[in-house]
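Please keep the sequence and the coordinates at hand while reading.

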Amino acid sequence: MEELSGLCVLLIAALSGALAAGDSVTQVNFTDGHSLTLNVTPSQTEPITNILWKFNGNLLAEWVLNQVPLELFGTFKERATLDTRNARLVVNSMTKADTGAYTVEINSKVHAESYDARWFRRLGTPEVVIRPLTCSAGSKTCNASCEADTDEAEPVTYSWKMGDNPWMVSKKVTEINQVKNVNDECITCRISNPVGVQVSAPIKNPFYVHPTPWWIIIIVVVLVVVVLVLVLVFLWKRKKNGDANKIVSTTPPPRESPSGPPSEEHPLKERDDNGAPATC
Ligand SMILES: *[C@@H]1O[C@H](CO)[C@@H](O)[C@H](O)[C@H]1NC(C)=O
Ligand SMILES: *[C@@H]1O[C@H](CO)[C@@H](O)[C@H](O)[C@H]1NC(C)=O
């Protein structure tokens, strides 16, 4: 027991020692044109009397109360600002050349916090490509691939949106098929990296089957019921009077209606309903 608690004390001492020695390095991510804001958490109660920011070990900014007016060095001269009240450094118009370590000394002491600034290439718009190129509604399965130039942009995360379903984080290539994707009209992919997000244009899913609109189902059901009723009435009447002439007058209307007008109306009304072809 005593040995254990002794070990704990040692561990805690080692941990706090490591932190005090300046182990808190924050990774900040940027791309061309970004502004970098490096905040400093005050670690002492005494007022700040001097500040020295360094970039990869070289002087970036220096200020000493009443002795050295704020001075910025090198490429930072025109595009950095230092707030001498809190030591916050802002660098504008960042480029790949600004990749590296940003450290600060306050009141002549190395500050525990420092920054590791990393550059990533900005992603372009991805494109959904269906493979094989011969993929059609009759194929068993196909692949949807989210294509983009990811050179110097990694790590890149791929997400997919199938029809009206929510975005799902997945891989660059995802399988699509007739069973799970039959209701997904459009396929869209999204890529993101530490400095941005890009969404593809939606493309048409080869496995999509347009569902029958509710009003067609209702018309068909109503027609079936009408035909059934008329057939029953006809049978009942024939059985009752055995009059052959009445058959002619009652049967034609039901036979024409199910096969005639509704099927001609389908294409026109479907397009009015959801303007689907415009989306993908
Ligand atoms: C889809 O991609 C996987 C690998 O990602 C591959 O094994 C499979 O053969 C591909 N399927 C089709 C239909 O291209
Ligand atoms: C910077 O990117 C890394 C991935 O390389 C990520 O883990 C980290 O959270 C990002 N930092 C910020 C501040 O977004």
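**Briefing on the predicted model**

Residues are numbered from 1 along each chain as its sequence is written, and side-chain values use heavy atoms, with hydrogens and water left out.

**Overall fold**
- The protein has five helices and 18 strands, taken as DSSP runs numbered from the N terminus (helices H or I, at least four residues; strands E, at least two).
- Of its 280 residues, 30% count as buried, where buried means under 20% relative accessible area, exposed over 50%, and partly exposed in between (1.4 Å probe, protein chains only).

**A three-stranded sheet**
- An open sheet of three strands runs in the order S2-S7-S6 with antiparallel pairing, two strands being paired if DSSP finds at least two bridges between them.
- Its edge strands, S2 (36-38) and S6 (80-83), each pair on one side only.
- S6 and S7 (residues 88-91) pair in the antiparallel sense over four bridges, and Asp83 stands opposite Arg88 in S7.

**A nonpolar patch**
- Ile217, Val221, Val225, Val229 and Val233 make a nonpolar surface patch of about 390 Å²; patches are built from residues with over 30% relative accessible area and no salt bridge, like charges being joined within 9 Å and nonpolar side chains (Val, Leu, Ile, Met, Phe, Trp, Tyr) within 5 Å.
- Ile217 lies in helix H2 (residues 214-241) and is partly exposed, with a relative accessible area of 45%.

**Salt bridges**
- The structure holds nine salt bridges, each defined as a side-chain nitrogen of Lys or Arg within 4 Å of a carboxyl oxygen of Asp or Glu.
- Glu46 forms a salt bridge with Lys109, with the closest N and O atoms 3.8 Å apart; this pair links distant parts of the chain, 63 residues apart, with Glu46 in the loop between S2 and strand S3 (50-55) and Lys109 in strand S9 (residues 109-110).
- Glu152 and Lys96 form another salt bridge, their closest N and O atoms being 2.6 Å apart, and Glu152 is partly exposed at 34% relative accessibility.

Note on methods: Chains lettered and ligands numbered in written order. Predicted model: local features only at pLDDT ≥ 70, side-chain atom pairs only at ≥ 80, totals over all residues. Areas by Shrake-Rupley, 256 points an atom, 1.4 Å probe, with all protein chains shown as cover.
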